[in-house]
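Trainee: Could you take me on a close look at the aromatic rings in this model? I would like to see how they sit with their neighbours.

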Amino acid sequence: MAKNVAIIGAGASGLISLKCCLDEGLQPTCFERTEDIGGLWRFKEEVEEGRASIYKSVITNTCKEMSCFSDFPMPDDFPNFLHNSKLLEYFRIFAQKFDLLKYIQFQTTVRNVKKHDNFSSTGKWDVITERNGKEESATFDAVMVCSGHHVLSNMPLNSFPGIERFKGQYFHSRQYKNPEGFEGKRILVIGSGNSGSDIAVELCKKADQVFMSTRHGSWVMGRISCHGYPWDMVFQTRFINMLRNTLPLKIVKWMMETLMNRWFDHENYGLVPENKYLMKEPVLNDDLPSRILYGAIKVKTTVKELTETSAIFEDGSIEDVDVIVFATGAVYTTLREHHEGKHRDEECKKN
(Lines give C-alpha, C1' and ligand atoms only; values in the text may rest on other atoms or scores of the structure.)
Protein backbone atom coordinates (compact mmCIF):
# COMPACT_ATOMS: atom_id res chain seq x y z
CA MET A 1 0.00 0.00 0.00
CA ALA A 2 1.33 3.41 -1.02
CA LYS A 3 2.37 5.71 1.78
CA ASN A 4 0.26 8.82 2.16
CA VAL A 5 1.84 12.26 2.38
CA ALA A 6 0.35 15.55 3.57
CA ILE A 7 1.55 18.64 1.68
CA ILE A 8 0.86 22.02 3.26
CA GLY A 9 0.50 24.77 0.67
CA ALA A 10 -0.18 24.82 -3.08
CA GLY A 11 2.37 27.39 -4.16
CA ALA A 12 5.49 26.68 -6.22
CA SER A 13 6.99 24.29 -3.63
CA GLY A 14 3.69 22.57 -2.93
CA LEU A 15 2.92 21.91 -6.59
CA ILE A 16 6.29 20.40 -7.42
CA SER A 17 6.22 18.36 -4.19
CA LEU A 18 2.82 17.04 -5.20
CA LYS A 19 4.11 15.93 -8.59
CA CYS A 20 7.25 14.36 -7.11
CA CYS A 21 5.15 12.33 -4.69
CA LEU A 22 3.05 11.03 -7.57
CA ASP A 23 6.19 10.19 -9.56
CA GLU A 24 7.41 8.10 -6.62
CA GLY A 25 4.15 6.19 -6.27
CA LEU A 26 3.11 7.95 -3.07
CA GLN A 27 -0.41 9.05 -2.23
CA PRO A 28 -0.37 12.84 -1.62
CA THR A 29 -3.01 15.18 -0.21
CA CYS A 30 -2.34 18.90 -0.47
CA PHE A 31 -4.01 21.36 1.91
CA GLU A 32 -4.34 24.95 0.65
CA ARG A 33 -5.89 27.57 2.93
CA THR A 34 -7.02 29.81 0.04
CA GLU A 35 -9.26 29.18 -2.96
CA ASP A 36 -6.52 28.79 -5.57
CA ILE A 37 -2.96 27.71 -6.34
CA GLY A 38 0.06 29.98 -6.73
CA GLY A 39 0.90 31.03 -3.19
CA LEU A 40 3.17 34.09 -3.14
CA TRP A 41 2.82 34.57 -6.89
CA ARG A 42 -0.95 35.04 -6.96
CA PHE A 43 -1.50 38.78 -6.71
CA LYS A 44 -4.51 40.04 -4.77
CA GLU A 45 -5.64 43.64 -4.47
CA GLU A 46 -6.10 43.26 -0.70
CA VAL A 47 -3.62 41.95 1.84
CA GLU A 48 -4.86 38.69 3.35
CA GLU A 49 -3.96 37.56 6.84
CA GLY A 50 -1.73 34.50 6.90
CA ARG A 51 -0.81 34.75 3.23
CA ALA A 52 2.21 36.22 1.46
CA SER A 53 1.52 39.46 -0.38
CA ILE A 54 3.15 41.03 -3.44
CA TYR A 55 2.79 44.33 -5.25
CA LYS A 56 1.16 44.45 -8.66
CA SER A 57 4.32 45.10 -10.68
CA VAL A 58 6.47 42.23 -9.32
CA ILE A 59 8.65 40.57 -11.96
CA THR A 60 10.85 37.53 -11.40
CA ASN A 61 14.54 38.07 -10.67
CA THR A 62 15.53 34.81 -12.33
CA CYS A 63 14.88 34.04 -15.98
CA LYS A 64 12.43 31.42 -17.19
CA GLU A 65 15.23 29.06 -18.24
CA MET A 66 16.54 29.01 -14.66
CA SER A 67 13.16 29.22 -12.92
CA CYS A 68 11.17 26.47 -14.58
CA PHE A 69 10.66 23.03 -13.09
CA SER A 70 13.41 20.76 -14.41
CA ASP A 71 11.06 18.44 -16.28
CA PHE A 72 8.64 21.10 -17.55
CA PRO A 73 10.14 23.99 -19.57
CA MET A 74 8.15 27.18 -19.86
CA PRO A 75 6.39 27.90 -23.18
CA ASP A 76 8.58 29.39 -25.92
CA ASP A 77 6.40 32.48 -26.22
CA PHE A 78 6.87 33.40 -22.54
CA PRO A 79 9.29 36.32 -21.94
CA ASN A 80 12.62 35.63 -20.25
CA PHE A 81 11.62 37.43 -17.04
CA LEU A 82 8.03 36.93 -15.98
CA HIS A 83 5.44 39.24 -14.51
CA ASN A 84 3.78 37.55 -11.53
CA SER A 85 0.62 36.89 -13.57
CA LYS A 86 2.67 35.05 -16.20
CA LEU A 87 4.38 32.85 -13.63
CA LEU A 88 0.97 32.01 -12.16
CA GLU A 89 -0.14 31.04 -15.68
CA TYR A 90 2.82 28.66 -15.85
CA PHE A 91 1.77 27.07 -12.55
CA ARG A 92 -1.74 26.57 -13.95
CA ILE A 93 -0.38 24.90 -17.10
CA PHE A 94 1.82 22.68 -14.93
CA ALA A 95 -1.04 21.69 -12.61
CA GLN A 96 -3.33 20.93 -15.55
CA LYS A 97 -0.69 18.93 -17.44
CA PHE A 98 -0.10 16.56 -14.52
CA ASP A 99 -3.70 16.61 -13.23
CA LEU A 100 -2.69 17.92 -9.80
CA LEU A 101 -5.80 19.85 -8.79
CA LYS A 102 -7.72 16.73 -7.79
CA TYR A 103 -5.21 16.14 -5.00
CA ILE A 104 -5.64 19.62 -3.49
CA GLN A 105 -8.18 20.47 -0.78
CA PHE A 106 -8.78 24.22 -1.12
CA GLN A 107 -9.95 26.58 1.63
CA THR A 108 -8.58 24.11 4.14
CA THR A 109 -6.30 25.42 6.88
CA VAL A 110 -3.82 23.17 8.68
CA ARG A 111 -4.22 24.00 12.37
CA ASN A 112 -1.76 21.56 13.87
CA VAL A 113 0.68 18.80 13.02
CA LYS A 114 1.66 16.41 15.80
CA LYS A 115 3.18 13.01 16.25
CA HIS A 116 0.76 10.10 16.15
CA ASP A 117 0.33 8.04 19.31
CA ASN A 118 2.54 5.26 17.93
CA PHE A 119 5.01 7.62 16.23
CA SER A 120 8.04 5.88 17.78
CA SER A 121 7.23 2.69 15.89
CA THR A 122 5.45 3.98 12.75
CA GLY A 123 6.75 7.52 12.22
CA LYS A 124 3.20 8.68 11.45
CA TRP A 125 1.80 12.18 11.93
CA ASP A 126 -1.64 13.53 12.79
CA VAL A 127 -2.68 16.55 10.73
CA ILE A 128 -5.57 18.63 12.08
CA THR A 129 -7.31 20.77 9.47
CA GLU A 130 -10.22 23.21 9.46
CA ARG A 131 -12.68 23.83 6.63
CA ASN A 132 -15.89 25.85 6.88
CA GLY A 133 -15.51 25.98 10.65
CA LYS A 134 -15.27 22.21 10.98
CA GLU A 135 -12.11 20.50 12.25
CA GLU A 136 -10.92 17.15 10.94
CA SER A 137 -7.95 14.93 11.73
CA ALA A 138 -6.12 12.52 9.46
CA THR A 139 -2.99 10.42 9.85
CA PHE A 140 -0.13 10.51 7.35
CA ASP A 141 3.15 8.70 6.86
CA ALA A 142 4.94 11.97 6.13
CA VAL A 143 4.32 15.73 6.06
CA MET A 144 5.86 18.27 3.69
CA VAL A 145 5.63 21.89 4.84
CA CYS A 146 5.48 24.12 1.73
CA SER A 147 3.89 27.20 3.25
CA GLY A 148 6.73 29.67 2.66
CA HIS A 149 8.18 32.27 5.00
CA HIS A 150 7.04 35.67 3.68
CA VAL A 151 3.88 35.95 5.74
CA LEU A 152 4.69 37.87 8.91
CA SER A 153 6.17 41.33 8.46
CA ASN A 154 9.41 42.30 10.18
CA MET A 155 8.60 45.72 11.65
CA PRO A 156 11.53 46.84 13.85
CA LEU A 157 9.84 49.99 15.19
CA ASN A 158 11.99 49.97 18.33
CA SER A 159 15.00 50.75 16.13
CA PHE A 160 13.44 54.05 15.03
CA PRO A 161 13.24 56.51 17.95
CA GLY A 162 10.42 59.01 17.49
CA ILE A 163 8.20 56.75 15.37
CA GLU A 164 5.42 57.21 17.95
CA ARG A 165 5.28 60.94 17.27
CA PHE A 166 5.56 60.77 13.48
CA LYS A 167 2.33 62.25 12.07
CA GLY A 168 2.62 60.86 8.57
CA GLN A 169 1.66 57.45 7.23
CA TYR A 170 3.87 54.43 7.72
CA PHE A 171 3.45 50.80 6.76
CA HIS A 172 5.36 47.66 5.86
CA SER A 173 6.15 46.90 2.21
CA ARG A 174 3.85 43.87 2.50
CA GLN A 175 0.97 46.36 2.52
CA TYR A 176 2.15 48.07 -0.68
CA LYS A 177 0.26 47.27 -3.88
CA ASN A 178 0.74 50.11 -6.40
CA PRO A 179 1.88 53.76 -6.57
CA GLU A 180 -1.61 55.27 -6.86
CA GLY A 181 -2.41 57.75 -4.10
CA PHE A 182 1.19 58.77 -3.46
CA GLU A 183 1.25 61.65 -5.91
CA GLY A 184 3.20 64.67 -4.66
CA LYS A 185 4.38 62.91 -1.49
CA ARG A 186 7.85 62.86 0.03
CA ILE A 187 8.45 59.18 0.72
CA LEU A 188 11.13 57.43 2.74
CA VAL A 189 11.75 53.77 1.87
CA ILE A 190 13.72 52.01 4.60
CA GLY A 191 15.68 49.11 3.15
CA SER A 192 17.59 48.60 -0.09
CA GLY A 193 16.77 45.00 -0.87
CA ASN A 194 14.78 43.85 -3.87
CA SER A 195 11.41 44.97 -2.53
CA GLY A 196 12.71 48.30 -1.24
CA SER A 197 14.45 49.07 -4.53
CA ASP A 198 11.43 48.08 -6.64
CA ILE A 199 9.06 50.16 -4.53
CA ALA A 200 11.38 53.18 -4.48
CA VAL A 201 11.72 53.10 -8.27
CA GLU A 202 8.00 52.73 -8.80
CA LEU A 203 7.00 55.43 -6.30
CA CYS A 204 9.47 57.99 -7.64
CA LYS A 205 7.43 58.18 -10.84
CA LYS A 206 4.49 59.58 -8.85
CA ALA A 207 5.99 61.09 -5.71
CA ASP A 208 7.55 64.51 -5.27
CA GLN A 209 10.70 62.89 -3.86
CA VAL A 210 11.77 59.42 -2.74
CA PHE A 211 14.52 58.76 -0.21
CA MET A 212 15.98 55.28 0.25
CA SER A 213 17.66 54.63 3.57
CA THR A 214 20.19 51.80 3.55
CA ARG A 215 21.96 50.45 6.61
CA HIS A 216 24.22 47.89 4.99
CA GLY A 217 24.13 48.79 1.29
CA SER A 218 23.57 46.36 -1.57
CA TRP A 219 25.20 45.10 -4.71
CA VAL A 220 22.85 46.04 -7.55
CA MET A 221 22.71 44.29 -10.92
CA GLY A 222 20.50 44.57 -13.97
CA ARG A 223 18.57 41.61 -15.30
CA ILE A 224 20.34 42.02 -18.64
CA SER A 225 23.97 40.91 -18.71
CA CYS A 226 26.69 40.23 -21.27
CA HIS A 227 25.50 40.41 -24.88
CA GLY A 228 21.92 40.83 -23.69
CA TYR A 229 21.60 37.46 -21.98
CA PRO A 230 19.76 37.12 -18.65
CA TRP A 231 22.17 37.68 -15.76
CA ASP A 232 21.70 34.26 -14.16
CA MET A 233 22.36 32.37 -17.41
CA VAL A 234 25.77 34.10 -17.50
CA PHE A 235 26.81 33.99 -13.84
CA GLN A 236 25.06 30.91 -12.46
CA THR A 237 27.02 28.31 -14.38
CA ARG A 238 29.08 25.27 -13.39
CA PHE A 239 32.23 27.00 -14.63
CA ILE A 240 31.65 30.12 -12.51
CA ASN A 241 30.83 27.99 -9.47
CA MET A 242 34.00 25.99 -10.05
CA LEU A 243 36.05 29.21 -10.05
CA ARG A 244 34.40 30.37 -6.80
CA ASN A 245 35.20 27.07 -5.13
CA THR A 246 38.79 26.66 -6.33
CA LEU A 247 40.36 30.12 -6.58
CA PRO A 248 41.92 31.79 -3.51
CA LEU A 249 39.41 33.84 -1.53
CA LYS A 250 41.32 37.07 -2.20
CA ILE A 251 40.94 36.62 -5.94
CA VAL A 252 37.27 35.67 -5.64
CA LYS A 253 36.63 38.86 -3.64
CA TRP A 254 38.39 40.96 -6.26
CA MET A 255 36.45 39.28 -9.07
CA MET A 256 33.15 39.83 -7.30
CA GLU A 257 33.78 43.51 -6.61
CA THR A 258 34.93 44.08 -10.19
CA LEU A 259 31.86 42.31 -11.52
CA MET A 260 29.44 44.20 -9.32
CA ASN A 261 30.97 47.57 -10.25
CA ARG A 262 31.06 46.86 -13.98
CA TRP A 263 27.66 48.47 -14.55
CA PHE A 264 28.20 51.41 -12.17
CA ASP A 265 30.54 52.26 -9.29
CA HIS A 266 28.50 51.58 -6.16
CA GLU A 267 30.59 53.98 -4.09
CA ASN A 268 29.49 56.92 -6.25
CA TYR A 269 25.85 56.00 -5.57
CA GLY A 270 26.11 55.40 -1.83
CA LEU A 271 25.33 51.71 -2.18
CA VAL A 272 28.59 49.91 -1.34
CA PRO A 273 27.66 46.99 0.98
CA GLU A 274 28.97 47.28 4.53
CA ASN A 275 30.54 43.85 4.19
CA LYS A 276 31.02 43.91 0.45
CA TYR A 277 32.65 40.50 0.22
CA LEU A 278 29.75 38.53 1.64
CA MET A 279 28.36 36.36 -1.13
CA LYS A 280 24.87 37.76 -0.71
CA GLU A 281 22.23 37.57 -3.40
CA PRO A 282 22.43 40.85 -5.33
CA VAL A 283 19.54 43.24 -5.79
CA LEU A 284 18.14 42.97 -9.32
CA ASN A 285 16.85 46.31 -10.55
CA ASP A 286 17.20 47.72 -14.04
CA ASP A 287 16.17 51.29 -13.19
CA LEU A 288 17.60 52.11 -9.76
CA PRO A 289 20.96 53.63 -10.84
CA SER A 290 19.36 55.96 -13.39
CA ARG A 291 16.69 57.09 -10.90
CA ILE A 292 19.45 57.92 -8.42
CA LEU A 293 21.50 59.62 -11.13
CA TYR A 294 18.84 62.18 -11.93
CA GLY A 295 17.71 62.71 -8.35
CA ALA A 296 14.31 61.03 -8.31
CA ILE A 297 15.70 58.77 -5.58
CA LYS A 298 18.18 60.02 -3.00
CA VAL A 299 20.18 57.41 -1.10
CA LYS A 300 20.40 58.16 2.62
CA THR A 301 22.22 56.63 5.58
CA THR A 302 20.52 54.91 8.53
CA VAL A 303 17.64 56.76 10.20
CA LYS A 304 18.82 58.08 13.56
CA GLU A 305 15.54 59.62 14.71
CA LEU A 306 12.09 60.61 13.51
CA THR A 307 10.25 63.81 14.32
CA GLU A 308 6.60 64.66 13.68
CA THR A 309 7.28 65.51 10.05
CA SER A 310 10.85 64.54 9.22
CA ALA A 311 13.64 61.98 9.39
CA ILE A 312 17.08 62.67 10.87
CA PHE A 313 19.83 60.51 9.41
CA GLU A 314 23.15 59.35 10.86
CA ASP A 315 25.10 61.71 8.63
CA GLY A 316 23.24 64.64 10.24
CA SER A 317 21.00 65.44 7.28
CA ILE A 318 17.30 66.08 7.82
CA GLU A 319 14.52 65.49 5.29
CA ASP A 320 10.82 66.27 5.47
CA VAL A 321 8.82 63.07 4.99
CA ASP A 322 5.11 62.36 4.47
CA VAL A 323 5.20 58.58 4.16
CA ILE A 324 7.54 55.83 5.42
CA VAL A 325 7.66 52.39 3.80
CA PHE A 326 9.42 49.74 5.89
CA ALA A 327 10.95 47.35 3.36
CA THR A 328 12.51 45.41 6.21
CA GLY A 329 11.71 41.85 5.25
CA ALA A 330 9.77 39.07 6.88
CA VAL A 331 9.97 37.15 10.15
CA TYR A 332 10.69 33.45 9.80
CA THR A 333 8.16 31.56 11.88
CA THR A 334 7.02 28.16 13.00
CA LEU A 335 4.10 26.52 11.20
CA ARG A 336 1.73 27.44 14.04
CA GLU A 337 2.80 31.09 13.99
CA HIS A 338 2.53 31.11 10.22
CA HIS A 339 -1.13 30.14 10.25
CA GLU A 340 -2.20 32.03 13.33
CA GLY A 341 -0.52 35.18 12.05
CA LYS A 342 -0.71 36.67 15.54
CA HIS A 343 -2.37 39.70 13.95
CA ARG A 344 1.08 41.24 13.58
CA ASP A 345 0.09 43.15 10.46
CA GLU A 346 -2.27 45.28 12.54
CA GLU A 347 0.75 47.04 14.04
CA CYS A 348 2.48 47.24 10.66
CA LYS A 349 0.08 49.78 9.21
CA LYS A 350 -0.81 53.24 10.37
CA ASN A 351 -2.94 55.63 8.32
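Mentor: Start with Arg223, whose charged end sits over the ring of Phe81, 5.9 Å from the ring's centre. Bear in mind as you look that this is a predicted model. Another charge-and-ring arrangement involves Lys19, which lies over the face of Phe98 at 4.6 Å from the ring centre. Phe98 also belongs to a cluster, in which ring pairs link it with Phe69, Phe72, Tyr90, Phe91 and Phe94.

Now for rings that meet rings. A pair of aromatic rings is described by the distance of the centres and the angle of the planes. Searching the whole structure gives 17 aromatic pairs. Take Phe72 and Tyr90: their ring centres are 5.8 Å apart and their planes stand at 35°, so this pair is tilted. Phe72 is in the loop between α2 (64-67) and α3 (84-97), while Tyr90 is in helix α3, 18 residues apart, and the pair links these distant parts of the chain. Both Phe72 and Tyr90 are buried.

Compare that with Phe160 and Phe326, an edge-to-face pair with 5.2 Å from centre to centre and 80° between the planes. Phe160 lies in the loop between β8 (152-153) and β9 (169-172), and Phe326 in strand β18 (residues 323-326), so the pair ties together parts 166 residues apart in sequence.

Methods:
Residues numbered from 1 in each chain as written. Predicted model: local features only at pLDDT ≥ 70, side-chain atom pairs only at ≥ 80, totals over all residues. Heavy atoms only, no water. Phe/Tyr/Trp six-rings, centres within 6.5 Å; stacked < 30°, edge-to-face > 60°. Helix = DSSP H or I, 4+ residues; strand = E, 2+ residues; numbered from the N terminus. Buried < 20%, exposed > 50% of the residue type's maximum accessible area, 1.4 Å probe, protein only. Lys NZ or Arg CZ within 6 Å of the ring centre and 35° of its normal.
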